[in-house]
Amino acid sequence: MFRWPSTVDASPILSRNKFVSTPQARRSLAAELVLHLREYGFARVRNHGVALTTIKGLFQCHRHFFDLPLPAKLSVRHPGGESPARGYSPWAYEKTAILRPDLHTVPNLSSNSSPSHHANIVGDTTRSPPSTLLDAREQFAIGPPSDNEFPTPQLAEEILPGFNAATKMAYLEIRNTCRRLVDTIEEGLGAPTSSIIGPTAGGQGAELNLNFYPEVERNVLEGDAGMQACDEVHGGDVTMRRIWPHSDLGVVSALFQDGVGATGLELQVRGSLGGKFAPLSIEEEGDIVLLVSDTLERWTNGYLRAAVHRVGLPSIAPSSNRMSRSGLERVPERRSAVMFFRAPPTANLGPLPYFVSAQNPAKYEHMTAGEYLKNHNKRLY
């Protein structure tokens with residue numbers, strides 16, 4: 001049976017309970033972390049410095065926000081388009097399938113898809129495909145508190161007292177932990193000091209997403225036919241998954257799950273036949289899943305590769321009592337929070353000189369983080 005690597009204990013340098021960090025402990029942790037990231041694309045990390053009370057408080061805000069009536073949530077709606085995500089995105093608003101069309105068996109993901117995308121798609125392409133692939137989730141995106149160009153919409157205090165202040169505090173604490181983890185990765189790679197953490201500018205482009213996957217009937221997420229409501233909104237045939245396979249565009253992503261055990265997150269197993277996915281469980285409350293994202297792959301010229309992941313479905317219980325009135329099994333809701341630790345818009349996302357040589361020439365073009373994000377969001381929303 002396939003098994004993921006064990007959880008990395010970051011307490012020697014990151015835990016609030018440790019005030020002394022030895023060079024040897026730091027080097028050991030850095031080496032272990034990079035080993036996991038290079039081989040698997042991710043690492044589970046414990047004792048990372050984000051207080052458990054902060055995580056619990058964030059998920060309390062999470063539950064209260066997504067339990068609000070739809071009009072209240074729409075008062076802070078993300079407008080979509082090329083700008084950074086800020087505020088609330090309704091159910092089935094995003095289309096992560098567009099980001100990696102080579103991972104799906106459905107050929108026409110969008111009328112704007114290029115022929116080169118179609119050439120990478122495997123599977124039966126003779127059948128009539130659905131016109132729209134959607135994510136069955138809602139989200140609330142929080143940007144940097146100092147971002148005056150693209151500010152995060154503020155929920156009216158009378159609707160949910162304390163929500164804005166609590167999520168801002170969580171944002172700052174999680175961003176700081178991500179900064180320290182990236183600094184540790186830089187050391188583990190043996191890269192020159194500040195060559196990686198420097199361009200991130202402390203995560204000035206970081207974004208914290210609260211993700212909510214409502215309880216739905218299993219057939220909605222397993223079949224090729226979507227719900228009638230989505231057909232009416234988007235037109236034509238619809239296929240839905242909780243999140244389609246994709247990689248993130250930042251430096252790293254730090255993912256928190258509400259609870260322990262296997263709750264739906266699946267990672268692609270590298271080197272496996274057909275690129276199979278395997279579920280990843282959280283072993284202890286407060287642990288994070290640290291994912292390599294596109295920017296770090298580009299900066300390291302492919303030495304660290306971005307983690308391809310998705311949100312799947314739990315296995316069917318032998319005697320499930322989660323049945324709808326129509327007799328169909330219902331998939332329980334899922335909640336997560338993820339910090340996309342990103343570089344500022346002006347950062348160059350081309351390979352760093354340390355990772356380029358005559359034997360290993362640059363594999364990625366030079367472009368700014370802002371250009372990369374605009375291209376990403378233009379397809380996503």
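Predicted model: local features only at pLDDT ≥ 70, side-chain atom pairs only at ≥ 80, totals over all residues.

Biologist: How many bridges link β10 and β16?

Modeller: Two strands pair if DSSP finds at least two bridges between them. β10 and β16 do pair, in the antiparallel sense. Their bridge count is 6.

Biologist: Which residue of β13 is the bridge partner of Ser253?

Modeller: β10 also runs antiparallel to β13, and 4 bridges join them. Ser253 has its bridge partner there: Leu291.

Biologist: How many residues of β10 are buried?

Modeller: Buried means under 20% relative accessible area, exposed over 50%, and partly exposed in between, with a 1.4 Å probe and protein chains only. On one side of β10, Val252, Ala254 and Phe256 are buried. On the other, Ser253, Leu255 and Gln257 are buried too. Of the 6 residues in β10, the number buried is 6.

Biologist: What are the edge strands of the sheet?

Modeller: The sheet is open, with 8 strands and mixed pairing. Its order is β1-β2-β13-β10-β16-β6-β5-β3. An edge strand pairs on one side only, and that describes β1 (8-9) and β3 (87-89).

Biologist: Which strands does helix α1 touch?

Modeller: Contact means heavy atoms within 4.5 Å. Helix α1 covers residues 23-40 and packs on the sheet. Its direction makes about 140° with that of β2. The strands touched are β1, β2 and β13.

Biologist: How far apart are the axes of α1 and α5?

Modeller: Axes are lines fitted to C-alpha atoms, for helices over the stretch in contact, and angles run from 0 to 180 degrees between N-to-C directions. Helix α5 (residues 163-189) and α1 pack at about 90°, with axes separated by 8 Å.

Biologist: Is α1 roughly parallel or roughly perpendicular to α5?

Modeller: Angles under 35 degrees count as roughly parallel, over 145 as roughly antiparallel, 65 to 115 as roughly perpendicular and the rest as oblique. The angle here is about 90°. That makes the two helices roughly perpendicular.

Biologist: How many disulfides does the count come to?

Modeller: A disulfide is a covalent bond between the sulfur atoms of two cysteines. The rule here asks for a pair of cysteine sulfur atoms within 2.5 Å. Cys61 is buried at 12% relative accessibility, and Cys178 at 1%. The disulfide count is 0.

Biologist: Is Thr300 buried or exposed?

Modeller: Thr300 lies in the loop between α9 (294-299) and β14 (309-311). Its relative accessible area is 1%, which means that Thr300 is buried.

Biologist: Which residues is Thr300 in contact with, leaving aside its neighbours within four places in sequence?

Modeller: Thr300 and Ala362 are 62 residues apart in sequence, yet 9.5 Å apart from C-alpha to C-alpha. With those neighbours set aside, the contacts of Thr300 are Leu189 and Phe355.

Biologist: What share of the protein is buried?

Modeller: The protein has 10 helices and 16 strands. It has 381 residues, and the buried share is 52%.

Notes. Residues numbered from 1 in each chain as written. Heavy atoms only, no water.
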